[in-house]
Amino acid sequence: MQIIFNIIISYLIGSISGSMVLGYLKGVDIRKMGSGNAGGTNAFRTVGALFALGVIFIDILKGVIAVLLISKLN
């Protein structure tokens with residue numbers, strides 16, 4: 001049962017879009033800019049390098065949380 005819980009929590013954390021979170025905080029909808037993709041490349045091209053670094057940081061942090069923290073839950 002714990003494995004199923006860990007999978008669900010990891011999936012939910014992974015489904016958070018860093019560009020959507022930062023876009024909400026900055027007041028922009030990244031999906032309506034550039035290519036329409038909510039990824040780091042579109043964020044870099046349309047909003048700038050600092051915004052894209054924030055998106056990449058959030059994406060890396062999601063992976064770290066899933067691998068290092070959620071896998072330790074018992």
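Buried means under 20% relative accessible area, exposed means over 50%, and partly exposed lies in between, with a 1.4 Å probe and protein chains only. The structure is a predicted model, in which local features need pLDDT of at least 70, side-chain atom pairs count only at pLDDT 80 or more, and totals for chains, interfaces and linings use all residues. Residues are numbered from 1 along each chain as its sequence is written, and side-chain values use heavy atoms, with hydrogens and water left out.

**Exercise 1. Determine which salt bridges Asp-29 forms, and classify the residues that take part.**

Step 1. A salt bridge requires a side-chain nitrogen of Lys or Arg within 4 Å of a carboxyl oxygen of Asp or Glu, and the structure holds three of them.

Step 2. Asp-29 pairs with Arg-31 at 3.0 Å, N to O, and with Lys-32, where the closest N and O atoms are 4.0 Å apart.

Step 3. Asp-29 has 24% relative accessibility and therefore counts as partly exposed; Arg-31, at 47%, is also partly exposed, whereas Lys-32, at 71%, is exposed.

**Exercise 2. Locate the salt bridge of Asp-59 and describe the setting of its two partners.**

Step 1. The partner of Asp-59 is Lys-62, with the closest N and O atoms 3.4 Å apart.

Step 2. Both residues belong to helix H4, three residues apart, or about one turn of the helix; helices (H or I, at least four residues) and strands (E, at least two) are DSSP runs, numbered from the N terminus.

Step 3. Asp-59 is partly exposed at 36% relative accessibility, while Lys-62, at 15%, counts as buried.

Step 4. Returning to the residues of the previous exercise, shared partners link Asp-29, Arg-31 and Lys-32 into one salt-bridge network.
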